[in-house]
Amino acid sequence: MILFVNLKTIVHSYCTGIQPVNIRDYKMKNLDTCDKGLQPSGHDRQNCCDKTEATIGFLFDLDGVLIDSETEYTRIWQEIDRQYPTGVDNFAIKIKGQTLPEILNRHYPAHLHQNIIDMLNSMEQKMRYEMLPGAREMLEALRERGIGCVLVTSSNDVKMRHLREEQPELEGFFADIVTADRISRSKPDPEGYLLGASLLGVAPERCVVFEDSAQGVRAGHAAGAYVTGLTTTLPKEQLEPYCDLITGTLADVDLDRLITILENR
């Protein structure tokens with residue numbers, strides 16, 4: 001099956017500077033991911049490779065969408081910025097959605113990287129991850145309907161191991177998980193969401209992306225997906241330019257209506 005980047009993606013990439021991805025070439029390089037067993041250690045792939053009946057897909061960010069962690073992460077990065085000043089206004093907010101390597105390479109000299117990694121890991125281990133309203137209910141409803149889901153997160157495997165300890169059943173809702181360790185370009189680049197769609201065997205434009213960060217909604221939009229922005233972290237005015245729908249939490253989403261929208265795209 002050959003997929004083409006839709007016109008919305010091409011226009012968006014011209015306006016924002018994010019280059020469109022040749023989805024046909026991307027899928028040829030990445031569709032064999034399941035066959036090669038490239039998934040997080042201990043993750044149950046479920047039906048990752050059964051793509052014959054997949055028609056729509058749900059792609060979820062993690063922090064601020066499924067789990068209530070963004071307030072804590074803001075505090076953590078504010079503390080890191082206090083000890084290792086970057087000089088960037090609202091630093092803890094502006095980096096949301098970016099991978100740790102990108103944050104380190106863009107804002108810190110190499111000799112400080114390990115100090116910051118150690119500080120972050122230490123503070124993360126003390127975090128408690130609670131599900132946000134509507135998250136578990138939506139994931140359960142999608143599993144009952146047999147609709148494929150992929151988690152697309154800027155988190156690395158170290159954090160995911162801690163999440164597994166806090167919410168051991170969460171991974172079971174997903175056909176696959178795309179972490180920062182599986183991509184080369186972080187949000188707002190669409191690579192993670194294009195990979196998520198290809199793992200489900202679904203065209204990106206027939207997937208919905210759930211995001212709460214400015215970087216994340218830009219990534220979903222650049223991928224050509226239907227983007228639902230959650231105002232758990234940022235006001236709607238900062239998300240609207242790249243979203244098809246704005247909502248408070250997943251509890252506010254009309255799942256039947258959303259499925260119909262995706263099936264008709």
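Colleague: Which residue just after α10 takes a positive phi?

Modeller: Gly 224 does, with a phi of about 90°, and helices here are DSSP runs of H or I with at least four residues, while strands are runs of E with at least two, numbered from the N terminus. This is a predicted model, in which local features need pLDDT of at least 70 and side-chain atom pairs count only at pLDDT 80 or more, whereas totals for chains, interfaces and linings use all residues. Residues are numbered from 1 along each chain as its sequence is written, and side-chain values use heavy atoms, with hydrogens and water left out.

Colleague: How many residues of helix α10 are buried?

Modeller: Buried means under 20% relative accessible area, exposed over 50%, and partly exposed in between, with a 1.4 Å probe and protein chains only. In α10, which spans residues 214-223, eight of the ten residues are buried, including Val 217, Gly 220 and His 221. For the chain, buried residues make up 54% of its 265 residues.

Colleague: Where do nonpolar side chains tend to be in soluble globular proteins?

Modeller: They tend to be buried together. A nonpolar core is a set of buried Ala, Val, Leu, Ile, Met, Phe, Trp, Tyr and Cys residues joined through side-chain atoms within 4.5 Å. The largest one in this structure has 51 residues, and Trp 77 and Phe 174 are among those that touch the most other members. Helix α7 (residues 135-145) gives this core its largest share, five residues. Apart from it lies another core, of 18 residues, among them Ala 219 and Ala 223, both of which are buried residues of α10.
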